[in-house]
Amino acid sequence: MLRDLVACERRVHHDLHGDPALRDKVSSFVEMLWSGGMAHEAEILGGVADGDTIVDLRDVPLPLREGATIAAMRSPTALWIAGDRIRHADLLGMPDLIHHPSTGDHWRAGDIKAGSPFAPDRIRPKPEYAAQVGLYAIILEMAGMGDGDAAFVIGSDGELAWYDLGLPKSKSGESWAQWVDRLVVHARRIRDQEAGTRGALSATCGLCVWRTVCRAELDGADDLTLIAGLGRGIRDVLDRVAPTVSDLAALDVAALSRAGGRTDIVGLGASRPQRFQDKARILRTPGATPIARQHLELARADRELHLDIETDPTRDNIVYLFGILERIGRHGPGERRFPYFFAHDLAEEREAFARSMEMLTADPAAPIYVYSAYERTCFRMLQQRHPDVCSAEDVEALFAKDRTIDLYFDVVLPHTDWPLNSNSIKPLAKYLGFKWADADASGAASISWFDEYDRTGDPAVRERIVQYNHDDCVAMIVLLDALIDLPVADPPAWPPARVLA
Ligand code: SF4
C-alpha cells in the first residue's frame, strides 16, 4: 500500500474502499511484469546464499508464514530468510529477504526488484522502493529485531544496495525514515476515511485498474490535470486560485503576476498560468481547433526519415526494434519505404544499431523526425553498449537540432495548443483521424508482445510488433503534415458563446 501511495494516493483509497466490480482489467504488460518479477526473484534467491545459511519460507502456507519467520530469526545458523511475513500492530510487511549481517545484532529486510534500486541520479533511493523496504525497517525495529536504520534492495543486476534511512530525503532535512513514518500516518488516515484523496490524470493512469473510475471522477470535478502537461504538483498549487479547468479559463491571470516574472503562488512562474489558461480555454470552447503560437518553420523535404524504437526495460533495456519510415517526395503521400531492424539479444541489437546508424547517416540532407527525447537517450545508451559501432560524437551529431527534429519537445509542447487532455502522439494522431491497425496497440503492449514472441517464436506476434512500430512512424508523418498546415492564432476569446462542460 505504501508503494502505491508514493505513486497515487487515490489508488490506495480505491483499493481499500472502491467497488471491486468497477476495476478495469489488469493489462497484459502488468501481468508480464509480475511474472518477470517472480522469475527474477527466483533466480536471485537461487544464488543468494548456500543451503546452510538460508531458510526458505516461500512454500510455507501464508497463515503460518509469520510464525515461521519469527522461528527462523531465532535459528542460530540462519543468515538469510526468504519469503517472509513480519507484523507489528497494524503494520504488515512481506519482505522477499531478511538478512542478519555478520556484524551487529539486528536483522535487516529488503526486496528483490527487476529495476535499478536507485533514482535516475544513480545515488538516491527510488522512492517507491524506499517506502516499501523502509516499512520493513520500522516493523523490525518495533518488534525489537532491527534498529530501523537501514534496508536493502537487490536490483536487476543482482547487487545488494543498502538504503541508509537516516539520510535526508529532501532539502527540508526530513530523513527517509521520517518520510516513511509520515506515509504510514497518511495511509492510516486514508484507511480510516479521515483523509480525502485526489486522483490526477497522468501517464501512471494508463496501467492502473481504476482508470475508468478515476476518469469519470476527474471529468466530473473538471480537474485541472485534464489540461495537457498540468500534473498533480502544479494542480495542487494552482487550484488555490482556480480549482477547475473552467475557473482557470476565466481567471484574471495578469493579477497573479509579480515583479521578476514571479507569481504569488509558490513554485509557479508568471508565464505558466497564462499558458495553462490558454489550454483551458481551448478545452472549454466548443468547436475549438488546435493552434500554433508562432510560425513553426516546418516543411516537407525531398527525403524524410521518421524514427521510432521499441525497448524492453525488463531486459536490460534491450532495443528490440528500430523502425525508420522513409518518405520521398515533397507532395502527396510520397513514396514510402519501411526498413526495420529486429533484435532478440544484445548481439543482434549491436547489428541492428549499426545498420540503423548507417541508414540514418547516409544522407545528411534528410531530416530525421522523432517524438520525444527517448530515441536520443537510447542511442546514447546504445553507443556506450556498442562503442565499436560509432563514437559518442556521431550520436550527438545525429541528434543535433540541424539534423533531427523532435516534434514533441521542439514543436508541439512549446508552440502548439490542442483541445485534448494529452500531448502524446496517440491522442494527437487519433484526433487527426489516424487509426492504428491494432486497437490494443501501445508501448506497454508491444513489450508484452515481445515477451510472448520470445517465448513462442510465433511470427504473427512478431508481425504485430512491427506493424505497431510502423504505425507509430506513420502517426508522426500525419502529425508533421498537420503541423505544417497548423494556423498561427491566439487562443479563443473568453468567454465563448457557449462553454463546454
Ligand atoms: S487511475 Fe490514475 S488517478 Fe486513478 S488511482 Fe490510478 S493512478 Fe491514481
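Predicted model: local features only at pLDDT ≥ 70, side-chain atom pairs only at ≥ 80, totals over all residues.
Figure 1. Residues are numbered from 1 along each chain as its sequence is written, and side-chain values rest on heavy atoms, without hydrogens or water. The axes of α11 (residues 346-361) and α12 (residues 374-385) cross at roughly 120 degrees and come within 11 Å, the axes being lines fitted to C-alpha atoms over the stretch in contact and the angles running from 0 to 180 degrees between N-to-C directions. Helices are DSSP runs of H or I with at least four residues, numbered from the N terminus. The crossing of α11 past α12 is left-handed, a term for a near helix turned anticlockwise from the far one by less than a right angle. On the α11 side, L346, E349, F353, M357 and L360 take part, and they meet F379, L382, Q383 and R385 of α12, with contact meaning heavy atoms within 4.5 Å.

**Figure 2. Helices α16 and α17 pack with their axes within 9 Å of each other.** The axes of α16 (residues 443-456) and α17 cross at roughly 155 degrees, and the two helices are therefore roughly antiparallel to each other. From α16 the contact draws on G443, S446, W449, F450, E452 and Y453, and from α17 it draws on P459, V461, R462, R464, I465 and Y468. As α16 passes α17, the crossing is left-handed.

**Figure 3. Helix α17 spans residues 459-485 and also packs against α14.** With 27 residues, α17 reaches 39 Å from its first C-alpha to its last, close to the 39 Å expected at 1.5 Å a residue, where the expected span is 1.5 Å times one less than the number of residues. Helix α14 (residues 407-415) lies with its axis 12 Å from that of α17, at an angle of about 45 degrees, and the pair is therefore oblique. Their crossing is left-handed, and the contact joins L407, V411 and V412 of α14 to M476, L479, L480 and L483 of α17.

**Figure 4. The peptide bond from W494 to P495 is cis.** Its omega is near 0 degrees, and P495 is found in the segment after α17. In general, most peptide bonds are trans, and most residues other than glycine have a negative phi.

**Figure 5. Q193 has a positive phi although it is a residue other than glycine.** The phi value of Q193 is near 60 degrees, and the residue belongs to the loop that runs between α6 (176-191) and α7 (211-221).

Definitions and conventions: Parallel < 35°, antiparallel > 145°, perpendicular 65-115°, else oblique.
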